[in-house]
Amino acid sequence: MGALVAAAGCGKRGNPLPPLRPVPARIADLSAVRTASRVTLHFTVPAANVDGTTPAAVERVDVYRIVLAAGMPTPPVSVLTAMPKYLLTHLSVRRPPPPEPKPKSSDGASPSPAPPTPPASAAPADSRPLPGDAVTIVDEIDDAARASGGVRHYLAIPVAGTGRGRPGAATPVLAVPIGSLPAAPADLALTYDETQLTAAWHAAVAGDVFSVLQTPGPAFDAATAKALTPEPIAATQFTLPLTFGTQTCVAVRATHVTGAVRAEGAPAAPVCVTPVDTFPPPAPTGLQAVQEGAAVTLIWNRVEVPDVAGYIVLRGEGTGGTLQPLMRTPISDVTYRDTAVQPGQTYTYAVYAVDTAPAANVSSLSDRQTLVIR
């Protein structure tokens with residue numbers, strides 16, 4: 001039995017295995033946005049390799065483009081990658097730094113970290129993306145290209161290694177027409193109530209979808225416009241919060257979406273509004289008037305809106321006398337004690353609420369309460 005075990009333990013050592021040569025995974029999210037002056041490509045650099053290992057061994061992403069006449073079939077990948085003239089750009093990718101080992105002291109414990117040593121001179125920041133980063137590539141459209149029209153076809157391939165490297169799988173080819181763009185929406189208008197702004201417009205063409213943007217002022221600037229709709233909407237109105245006294249400007253553009261390609265037309269001219277608070281608070285409810293000794297105590301329900309500054313109590317002589325305020329400035333309490341009353345007299349009371357607007361808005365009167373003083 002021992003001889004059998006010894007024989008099994010003796011074996012011939014095979015040739016050493018070649019080192020692993022990983023290939024980056026395919027880019028899964030290539031998309032394009034076409035405007036009047038450019039095509040902007042968006043994608044994420046692969047974070048893993050085809051075999052699932054990380055980080056991705058991607059050194060660069062090659063982006064190809066070919067321009068064909070409208071109506072011509074989408075070219076195969078082999079045609080796009082065959083000629084150097086179709087290469088739009090090499091996007092260099094930096095490798096993530098290896099994790100720093102944790103040093104051990106002589107007794108096996110991790111020593112206290114030493115204070116960092118400031119560099120002698122700061123090195124310029126590396127702007128290249130890392131695996132897993134989202135990136136954009138801009139392809140400009142000049143006047144001649146717009147006049148000639150046609151369709152621009154794009155694809156992207158991640159590459160490991162230098163030179164020809166080890167390319168991963170190509171993305172599907174994106175076809176971006178360089179023709180007319182959607183017409184701007186018509187009749188853009190802004191209205192508001194006490195809680196929100198509403199932008200409304202009319203579609204120039206049935207079936208358009210829309211992107212809503214907020215701009216700093218009445219002149220549209222794509223660099224400073226803020227998208228309020230991450231994805232285009234089919235509705236022809238959009239609501240947003242308001243701040244009284246602060247100008248808000250909104251622009252809307254029509255958008256055509258075909259798969260991963262979006263064509264954005266010129267926006268309608270921004271419309272601006274500075275909301276003014278002219279909305280009174282609700283009237284107080286539940287007013288009660290009770291004689292307590294030689295005084296009248298009034299109590300009512302608090303108005304539950306955030307901009308109430310307080311309340312004004314009014315009193316009139318008899319049942320039909322003119323109501324006059326009993327204080328100059330609003331009170332915050334929801335109770336008031338009237339000590340200036342005379343026995344045998346009849347008094348009528350009411351309360352209204354006042355808000356915090358610069359030109360204060362007042363509510364309607366509460367229900368009236370009449371009391372004969374004994």
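Is phenylalanine 279 buried, partly exposed or exposed, and what is its relative accessibility? In this predicted model, phenylalanine 279 counts as partly exposed, at 23% relative accessibility. Its aromatic partner is phenylalanine 244, which is likewise partly exposed, with a relative accessible area of 29%. The two rings form a tilted pair, 6.2 Å centre to centre and with 40° between the planes. This pair links distant parts of the chain, 35 residues apart: phenylalanine 244 sits in the loop between β13 (237–241) and β14 (248–258), and phenylalanine 279 in the loop between β16 (271–273) and β17 (288–292). Together with Tyr192, Phe244 and Phe279 make up one aromatic cluster.

Across the whole structure, a search finds four aromatic pairs. One of them joins tryptophan 201 and phenylalanine 210 edge-to-face, at 5.5 Å centre to centre and 70° between the planes. Tryptophan 201 counts as buried because its relative accessible area is 3%, under the 20% limit. Phenylalanine 210 is also buried, at 1% relative accessibility.

Turning to the nonpolar cores, the largest has 24 residues. The members that touch the most others are Val296, Leu298, Trp300, Tyr311, Val313 and Tyr349. Strands β18 (295–299), β19 (308–317) and β22 (346–355) each supply at least two residues of this core, and β22 gives the largest share, with seven residues. A second, separate core holds 23 residues, including Val135, Ala145, Leu174 and Val261.

Note on methods:
Residues numbered from 1 in each chain as written. Predicted model: local features only at pLDDT ≥ 70, side-chain atom pairs only at ≥ 80, totals over all residues. Heavy atoms only, no water. Core = buried A, V, L, I, M, F, W, Y, C linked by side-chain atoms within 4.5 Å. Buried < 20%, exposed > 50% of the residue type's maximum accessible area, 1.4 Å probe, protein only. Helix = DSSP H or I, 4+ residues; strand = E, 2+ residues; numbered from the N terminus. Phe/Tyr/Trp six-rings, centres within 6.5 Å; stacked < 30°, edge-to-face > 60°.
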